[in-house]
Amino acid sequence: MTDRRLSNSTRQALPASVAVPGYDRDSVVPGIVHLGVGAFHRAHQAAYVDDCLAAGETDWGIVGVSLRSADTRDALAPQDGLYTLAVRSSESESLRVVGSILSMLVGPEDPGAVLAALTDPRTSIVTLTITEKAYLRAAGGGLDTAHPDIVHDLANPQMPRTAHGFLAESLSRRRAAGIRPFTVLCCDNLPANGATLHRLLVEFAALRGTDLARHIADEVAFPSSMVDRIVPATTHADRARISGQLGVEDAWPVMTEPFCQWVVEDDFPAGRPDWEKFGVTMVGDVGPFEDMKLRLLNGSHSAIAYLGLLSGHETVDRAFADPALRQFVDGLWAEAITTLPKDAGLDTADYTAQLAKRYSNTALAHRTAQIANDGSQKLPQRIVASAMERMSAGAPPAHLMLVVAAWIAACEARGEALPENHFTDPLDTSVAALDTRHLSADEAVAAVFDLAGFAKGGAERLTLIDLAAAHLERLRQGGVAAAFTALGIVSK
């Protein structure tokens, strides 16, 4: 490896086996602003847009925005926004340099520059991957109006910190300037993500004034979408290996799997790329696809993470190779599938077969600790919603509620069987204050349900707490093997 960096000037000298952008990046116009430029966006939406640019749709370059850290900008700026996407299966790896991110901004450093990009008349779409917790929802699902960043943004609309603040202020400025609103495309794992963000933003805007709230409610499109691609964290070994293959340094390549899916509701008044030409599924209602993904992929991912951590498995493929855990996942899928619509054309058998193949991919080394983050934000839509629907239909959610118990047990294991900060959660401080390890299983589960707002107001809530508490007691007394035995799963 040389001391040169991947960049516009070095990309043409890369090995022939590496795919590089064949289009003139200088002629690309920024048409999309993306909030939350992390590894997932760079492996997913940015790759789809790169395909569009290569086909001559040059009005859709991306301005990337980080709302927190400058790390991605600092890594990509010296590389002219270029980075390597490494697509890895158990058998092979292919490298592709992606050129769709034209520039990077960091919100905390220069909120004015972010607002300028959002207000630019050329910006027709704003996409988001800011993670579930960044939507700042209260336990009841509405906007957390007491959150310090929300309070700040309402008092300082010219200097926002949150996605809500940036979106509301830029839409206000566009309206005042006579510029049509952009379309807001949420790509995070939220139920009905477009409608959810729409509701939250209208709530936020109403605190600024009814005219702005009415404008956002009536004039701004918020199509929902479903995204799916496994993107493990990039390691130092990955960086060294990829840079060695390129012959130049790539400070932040992205690892991913061959599978990639994007389902988008087709509601773009300000225009959009011809995404359907490049594998995006454009639909009228993304709901059934979203539910299938949340409950079958994301739900089983959480299960594998927490039960895998408690079983000593560091990666998904190793956890999924555990016969007992694999049997549990099959049972989890069987429970969750019954909550999906029967008339939406979903092929759950094919989908779970694909998931099994993806989870067995030994090349990804997707860490269970990475997936375990933010359980209090993820489990309501991944697990608890399915469990409530199972209960309403008179069917037991035994496998589903073990996942909730495993999350609590994994939280309790940090600092003992697991490293202190092995994974994190927005409720860590509150849970630590409870010190659930010194509460009975019943008391611990009830307290955590209250903190996280699980099944709030649901008639099934007390039964779900009882089920999770019984699982937690078994996990505490006999570990994962005891919990599996109660489900008729025999560990070998």
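Is Asp-274 buried, exposed or partly exposed? Asp-274 is partly exposed, at a relative accessible area of 28%; by the cut-offs used here, buried means under 20% relative accessible area, exposed over 50%, and partly exposed in between, with a 1.4 Å probe and protein chains only.

Colleagues, a word on the basis of these values. This is a predicted model, in which local features need pLDDT of at least 70, side-chain atom pairs count only at pLDDT 80 or more, and totals for chains, interfaces and linings use all residues. Residues are numbered from 1 along each chain as its sequence is written, and side-chain values use heavy atoms, with hydrogens and water left out.

Asp-274 pairs with Lys-277 in a salt bridge, at 3.4 Å from N to O; the term denotes a side-chain nitrogen of Lys or Arg within 4 Å of a carboxyl oxygen of Asp or Glu. Lys-277 is exposed, at 61% relative accessibility. Elsewhere, salt bridges with shared partners link Arg-88, Glu-93, Asp-238 and Arg-241 into one network.

A further pair is Arg-272 with Glu-276, at 2.7 Å from N to O. Here Arg-272 is buried, at 18%, whereas Glu-276 is partly exposed, at 40%.

Let me turn to Arg-208 and Glu-169, whose closest N and O atoms are 2.9 Å apart in a salt bridge. Arg-208 sits in the loop between helix H7 (193-206) and helix H8 (210-219), and Glu-169 in helix H6 (residues 163-177), so this pair ties together parts 39 residues apart in sequence. Helices here are DSSP runs of H or I, at least four residues, numbered from the N terminus. Glu-169 is buried at 4%, and Arg-208 is partly exposed at 29%.

In total, the search of the whole structure finds 26 salt bridges.

How values were computed: Helix = DSSP H or I, 4+ residues; strand = E, 2+ residues; numbered from the N terminus.
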